[in-house]
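Hi everyone, thanks for making time.

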Amino acid sequence: MADFIPPDVRSRLKSLRLVTRRAVGSHGLGLHHSHSRGAGLEFAQYRAYEPGDELRQIDWKLYARSDKFFVREAERESPVAVWILMDASASMGQADAGRPDYGRLDAAKGIAASIAELAMQQGDRFGWMALSDTGLRLLPPATGLRQRDRLLLELLPVQATGGFPDDAQLAPLWERIGAHDLVILLSDCFEPGAIDLVEKLAAAGREVLAVEMLTVGERDFPFGGGYRFRDPETGEELLGDGAALRAEFLRRFGEARAELHARLDAVGIRRATHVLDEPIDLPLRRLFGAHDAAEYS
């Protein structure tokens, strides 16, 4: 099975915890110090029977072998879930010339797998959706190793294609995401529909985080000489000299990002930026590793 998380990143993830702004009981999302045990779905361990335990939890086969009462414990489901919303529109396929086989969507898959790893290690449920107007892919929330493996299998065939889904296509999303769930958007944030969606989710009381996925070219614009720039979704092309266009591009791109950030800030959406030459855990460390940081991008 494909592993989207490099070994060094996996090691660093052990020091992170998914933390929400709202506390949800004593076992809320991101507040786990150890797995919560109870009558759940995923088997965790046996323990000796204690007065008050439900008889249905006793493992009678084990009693027959040992002549002692043992109770089967399982991981109790968290009352909330983390939802990973992955933009799978065509612009997410953009890569850099220095690494043409690694685009935005590849990085998003690695970040999604990392979020799932964090949720799994603290006993939280996690679900996933890939968003494109060619169709939504959905993995309902659950926890445990099997859920992690299901997500990895779901990620494999996803390709960047088409545009962002319209409101009608997004209807299943509203039916699934609970009022207290944590939502994390992985997107280049170029599609107005993606920003409209997270604004609506935030207005509806969901806690929303956004990871803005950028290429090295968009950050640095290292182009010289004649270039043909093509929009992967509309097909529109622009011919021009890279060096002559650089200052104007960086100015206008910076203004567009500042406007985007202002929109997200206005509705309380925390954000981080990921550039394709950076480690995939960096945006997660910006969001969850330094909670007193004033700036996330």
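**Salt bridges and rings**

Let's begin with charges: the count comes to 21 salt bridges, where a salt bridge is a side-chain nitrogen of Lys or Arg within 4 Å of a carboxyl oxygen of Asp or Glu. Before we go on, this is a predicted model, with local features needing pLDDT of at least 70 and side-chain atom pairs counting only at pLDDT 80 or more, while totals for chains, interfaces and linings use all residues. Residues are numbered from 1 along each chain as its sequence is written, and side-chain values use heavy atoms, leaving out hydrogens and water.

Among those bridges, aspartate 281 pairs with arginine 12, and their closest N and O atoms are 2.7 Å apart. Aspartate 281 lies in the loop between β13 (270-275) and α9 (282-288), and arginine 12 in helix α1 (residues 7-13), so the bridge ties together parts that are 269 residues apart in sequence. Helices (H or I, at least four residues) and strands (E, at least two) are DSSP runs here, numbered from the N terminus. Aspartate 281 is buried, at 0% relative accessible area, whereas arginine 12 is partly exposed at 28%. By our cut-offs, buried means under 20% relative accessible area, exposed over 50%, and partly exposed in between, using a 1.4 Å probe and protein chains only.

Next, glutamate 199 and arginine 263 meet in a salt bridge at 2.6 Å, N to O. Glutamate 199 sits in helix α6 and arginine 263 in helix α8, so this pair connects parts 64 residues apart in sequence. Glutamate 199 is buried at 19%, and arginine 263 is partly exposed at 31%.

There is also a network of salt bridges linking Asp3, Arg10, Glu117, Arg148 and Asp149.

Now for the rings. How many aromatic pairs does the count come to? It comes to four, with rings of Phe, Tyr and Trp (its six-membered ring) pairing if their centres lie within 6.5 Å; planes under 30 degrees apart count as stacked, over 60 as edge-to-face and the rest as tilted. One of them joins phenylalanine 190 and phenylalanine 253 edge-to-face, 6.2 Å centre to centre with 75° between the planes. Phenylalanine 190 lies in the loop between β9 (182-187) and α6 (192-203), and phenylalanine 253 in helix α8 (residues 242-266), so parts 63 residues apart in sequence are tied together. Phenylalanine 253 also stacks with phenylalanine 249, at 5.2 Å and 15°. Finally, Phe190, Phe221, Phe223, Phe249 and Phe253 form one aromatic cluster.
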